[in-house]
Amino acid sequence: MSDKKAPQPPESEVTPEPLYRRRREFIKNVGLFAGTAAAVGGGLYLLAPKRGKSPEPPPPEAAGKAGPAEPPAAQASAAGNPAGPYDTTEEQTPYEDVTSYNNFYEFGLDKSDPARNAHTLQTRPWSVVVDGEVHKPQTVDIDQLKAWFTPEQRIYRMRCVEAWSMVIPWLGIPLGEVLKRVEPTSRAKYVAFTTLVNPEQMPGQKRQVLDWPYVEGLRLDEALHPLTLLATGLYGRELPPQNGAPLRLVVPWKYGFKGIKSIVRITLTERQPPTTWNLAAANEYGFYANVNPAVDHPRWSQATERRIGEFRRRPTLPFNGYAEQVASLYAGLDLRENY
Ligand SMILES: Nc1nc2c(c(=O)[nH]1)N[C@H]1C(S)=C(S)[C@@H](COP(=O)(O)O)O[C@H]1N2
Ligand SMILES: [Mo]
């Protein structure tokens, strides 16, 4: 992202592609040199087969640090055909790209920074506070949460506000199921999410590029929609730290920045909560952030996007292709004003 506080315009997504590839080659070589260092965190992922060759995740050892593998059932279905009513059949973005081209400013501003740096994140033990306007507030351990609701696979498109996109097979728990368990009060209208603050583990937080912690929010009806997921994994495996381990939000009809990573708190509120990118640049990033090809970003068009791995741009779809499922949530709302 070029200026201090704003995502890069899509032009820079197109032109630096060769640079991005060169950099990856470089990182790969460093990885080979690094030897044991490559065995922790993202190191091994960068040694995985080249883009296009195989969409398969690395062998189980590679995910070792992230914790236990996902249940065999989830692992088996990850490579197979989509089964659910919400899954896309579009080609899945290779595991290597999903885990090496990231936005996670807590670990640096460059797309390749999180894969290199996020191994310092300690994802166990990890607990999540669920509180606010609920009858049964609680603090739950991440493994307890995964035992309550076995993560299921969802294959979703992800569209970043910078105008690139991916197709990712997530493993996750529908957020609505978690919220129902804590019993929202009649006053609950919104859900606020908070990322961990820990500058030692997240060195990017030593610089005030954004207001830490990263915070996000949804309207309660959006949070309860069956598409909305708390992801715990991808490609049938534990979520890598660079993708927001151990728990991150996925709202596939909204721009990617709504998908807050490494969540430590979920608070139900009466009032609309503040959100990080809206605080950084309110004229560029709204609370809703629904994918909308008809409403351009002030500095670039949102009409088209670059699917990672493709060269021709493709049209961006209203609500990222999920209009049938979610458009009714916004009946009567001016989507130009509520961007
Ligand atoms: N805490 C936190 N969450 C975050 C971000 C971030 O910088 N910090 N970046 C967001 C943006 S802009 C995008 S596009 C997605 C990227 O998710 P991915 O790296 O798993 O593809 O994460 C979102 N969640
Ligand atoms: Mo993004």
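Author: What follows starts with the sheet, then turns to the cavities, and ends with single residues in loops.

This is a predicted model, in which local features need pLDDT of at least 70, side-chain atom pairs count only at pLDDT 80 or more, and totals for chains, interfaces and linings use all residues. Residues are numbered from 1 along each chain as its sequence is written, chains are lettered from A and ligands numbered from 1 in the order in which they are written, and side-chain values use heavy atoms, with hydrogens and water left out.

Five strands make up an open sheet with mixed pairing, in the order β2-β1-β10-β5-β6. Strands here are DSSP runs of E with at least two residues, helices are runs of H or I with at least four, and both are numbered from the N terminus. Two strands pair if DSSP finds at least two bridges between them. In general, strands of a sheet pair through backbone hydrogen bonds, either parallel or antiparallel. The edges are β2 (138-141) and β6 (215-219), each of which pairs on one side only. From one strand to the next the twist averages 15°; axes are lines fitted to C-alpha atoms, for helices over the stretch in contact, and angles run from 0 to 180 degrees between N-to-C directions.

Valine 129 is opposite threonine 139 in β2. The link from β1 to β2 is a hairpin through five residues.

Tyrosine 190 has arginine 219 of β6 as its bridge partner, and threonine 194 stands opposite valine 215 in β6. Is β6 enclosed or open to the outside? Five of its five residues are buried, so β6 is largely enclosed by the rest of the structure. Buried means under 20% relative accessible area, exposed over 50%, and partly exposed in between, with a 1.4 Å probe and protein chains only. In a regular strand the side chains alternate between the two faces of the sheet. Both faces of β6 are covered, with Val215, Gly217 and Arg219 buried on one side and Glu216 and Leu218 buried on the other.

The structure holds five cavities of 30 Å³ or more. On a 1 Å grid over the protein atoms alone, a cavity is a set of points where a 1.4 Å probe fits but cannot get out, and lining residues have an atom within 4 Å of a point. Grid points are joined across faces, edges and corners, and a volume is the space filled by probe spheres set on the points.

The largest cavity has about 360 Å³ of space. Its lining consists of 27 residues, and Asn103, Phe104, Gly256, Phe257 and Lys261 lie nearest its centre. Strand β4 (residues 164-174) gives the most to this lining, with four residues. The lining of the largest cavity divides into 18 nonpolar, six polar and three charged residues. Ala, Val, Leu, Ile, Met, Phe, Trp, Tyr, Cys and Pro count as nonpolar, Asp, Glu, Lys and Arg as charged, and the others, Gly among them, as polar.

The second largest cavity has about 90 Å³ of space. It is lined by 13 residues, with Met158, Val250, Val251, Gly256 and Gly259 closest to its centre. β9 gives the most to the lining of the second largest cavity, with three residues.

The backbone has several spots to check. Most residues other than glycine have a negative phi, and most peptide bonds are trans. Serine 262, in the loop between β9 and β10 (263-269), has a positive phi near 45° and is buried at a relative accessible area of 0%. Alanine 163, in the loop between β3 and β4, has a positive phi near 80° and is buried, also at 0%. The peptide bond from arginine 124 to proline 125 is cis, with omega near -10°, and proline 125 lies in the loop between α5 and β1. A cis bond also runs from alanine 245 to proline 246, with omega near -5°.

Definitions and conventions. 1 Å grid on protein atoms, 1.4 Å probe; cavity = no way out; pocket = protein on both sides within 12 Å on 5 of 7 lines; lining within 4 Å.
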